[in-house]
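Take a look at the structure below. This report walks through its two ligand sites.

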Amino acid sequence: MSGVVLPGATIGVLGSGQLGRMFAIAARRMGYRVHTFSPDTDTPTGQVADVEIQADYADLDAVRGFARDVAVMTFEFENVPAATAEAAAAETPVRPAGSVLHTSQHRLREKTFLTQAGFPVTGFAQVRSLDELRAGLAVLGCPAVLKTAGWGYDGKGQVKITRPEDASAAFATLGTAEGILEAWVPFEREVSVVAARGMDGSFVHYGVIANAHENHILDLSTAPAAVPDRVAREAVEIARGVLDGLGVVGVLCVEMFLRHDGSLLVNELAPRPHNSGHLTVDACVTSQFEQQLRAICGLPLGSTEHLRPSAMANLLGDLWAGGEPDWAAACAYPDVKVHLYGKLVPRPDRKMGHLTALGRSAAEAQAQVRAARAALSKRTP
Ligand SMILES: Nc1ncnc2c1ncn2[C@@H]1O[C@H](COP(=O)(O)OP(=O)(O)O)[C@@H](O)[C@H]1O
Ligand SMILES: [Mg+2]
C-alpha cells in the first residue's frame, strides 16, 4: 500500500497535551520519532518527544517548516485553525484530514453533519442574537443548554437555561461568540465508542464505555459498559457510520446519551483518542494511541480485545489542594496503574493524570479505582 509510514520515520503531532504524550509514548515504543508543535514549552508531549517546537498555530511558516520535517502529521488538539491544517497538508500527509477537524471543532457544523447523515441528535438551534436564543427556547423548551459553537471543552463555554426569563443573562455569557442552543437530554447514562478507521477503510472499535461526569468533566469511565446487546450494537453502528461518513483515518470517539427508553443520541465527536479511551492503554491488546499511530501510518489495525474489565478515574488539579497526593497509597493497589501527564501547575479542574484499575468485573474495577483515588488524598495526621 502506498503512503505507508514505517518505524524509524518521524511523526508530527500538532498540540502538546496528555493525548499527544500518550501517543508519543506509543509511537516511540514502536521505534518512531515524534515531533510536537504548540505555543508552549516543557509540555506533556514535549517532555517525551524527540523535538518540541514552540510556535503559534497561526504562524503558517512555522507550521510548514514543522510539516516538512515529518513523514505524516496528526493532531491531539482539534481547535487548530483550518488554515493551519491546510498549510501543513501542502507539505505532508495530515491524518485525519483537515476536513474532519473542520466539521468536529464547531458544534453547529458537527450537529448539522450528524443530522444530514441521519444520526440521532438532540434538538438544536443556531444562536447569534438574543432574539435567536428566545426563538430557540420557544421551540426547544426548557431546560436547554447554551454552548459556544467553537472552542469548548470540559464544559467550558456552557450554560444551562432552566427558565425562559434567564435567556438574556445566558446570552450575555456568550460574549461575541456564536452559540448553539441544545434541548436538555434527561439521560440514563452517558456512553462512548472509541473507534479507528484505517487508510484501507478497515474499522475497529473498543465496544461501549460508560462515562460519569462531575461538573461537566469526565470523572469515571468503565468498560465494558453494562448495556443491553441491542444498545451496544446500535452504538457501534453509529460509530462506524460516523467514521465512514467523515472518511476518518485515525481514531475518533463518539460521545452519546443513552436515554431511559433505551434509545441513543449522539452528543459530540472527538476526532482523536479520547479521555474515555485511556483505559485501553492498560486493558486492551492495542491502546487507542497505538491504534491512532497504526491508522495514520497505514499499518494494519491492532486487536481491540479487552484483556480484563477496567475502570479509569481522572485526577484533577483539585486533588493537590492539600499537598502532593500520596502516590504510594495508590500503588498499594496492585491492579491499579498510575498515569501522570507531567503538568507543572495543578490548577483546579485541570486534568493532571488518571488511574486505571483492572478487575474480574467492571464493578470490581470501578470499586478499586475509586478506592485508590480516595487513598491519594487520605493523609495520616
Ligand atoms: N444537551 C445536553 N443535555 C444533557 N446534558 C448535557 C447536554 N450537553 C452537555 N451535557 C453535559 O455536559 C457534558 C459536557 O458537554 P459536551 O457537549 O460533551 O462538551 P465538552 O465535552 O466539549 O465540554 C456532557 O458530557 C453532559 O454530561
Ligand atoms: Mg464532551
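A residue is near a molecule if one of its heavy atoms lies within 4 Å of it. Keep in mind that this is a predicted model.

## Around ligand 1

By that cut-off, 20 residues surround ligand 1. The closest are Lys147, Gly155, Glu190, Asn267 and Glu268. Sorted by class, the shell around ligand 1 holds seven nonpolar, six polar and seven charged residues.

## Polar contacts

Glu182 places a polar side-chain atom 3.2 Å from a nitrogen atom of the ligand. Val185 uses its backbone: an N or O atom there lies 2.9 Å from a nitrogen atom of ligand 1. Glu268 meets an oxygen atom of ligand 1, with a side-chain N or O atom 2.8 Å away.

How much of ligand 1 does the protein cover? The protein covers 94% of the 540 Å² of accessible area that ligand 1 has on its own. Strands S6 (144-148), S8 (179-183), S9 (187-197), S12 and S13 each give two or more residues to the shell.

## The magnesium ion

Ligand 2 is a magnesium ion. Its protein donors are two OE entries from Glu255 and one OE from Glu268. Glu255 sits in strand S12 (residues 250-259), and Glu268 in strand S13 (residues 264-270). The pair is 13 residues apart.

Are these two residues buried or partly exposed? Glu255 has a relative accessible area of 13%, so Glu255 is buried, the limit being under 20%. Glu268 has 22%, so Glu268 is partly exposed.

Conventions
Residues are numbered from 1 along each chain as its sequence is written. Chains are lettered from A and ligands numbered from 1 in the order in which they are written. This is a predicted model: local features need pLDDT of at least 70, side-chain atom pairs count only at pLDDT 80 or more; totals for chains, interfaces and linings use all residues. Side-chain values use heavy atoms; hydrogens and water are left out. Donors are N, O and S atoms within 2.8 Å of the metal (3.2 Å for Na, K and Ca); water is not among the atoms, so sites may look incomplete. Helices (H or I, at least four residues) and strands (E, at least two) are DSSP runs, numbered from the N terminus. Buried means under 20% relative accessible area, exposed over 50%, partly exposed in between (1.4 Å probe, protein chains only). A polar contact is a pair of N or O atoms within 3.5 Å; within protein, one must be able to donate a hydrogen and the other to accept it, and residues adjacent in sequence count only if both atoms are side-chain atoms. Accessible areas come from the Shrake-Rupley method with a 1.4 Å probe; for residues, only the protein chains shown count as cover. Ala, Val, Leu, Ile, Met, Phe, Trp, Tyr, Cys and Pro count as nonpolar, Asp, Glu, Lys and Arg as charged, and the others, Gly among them, as polar.
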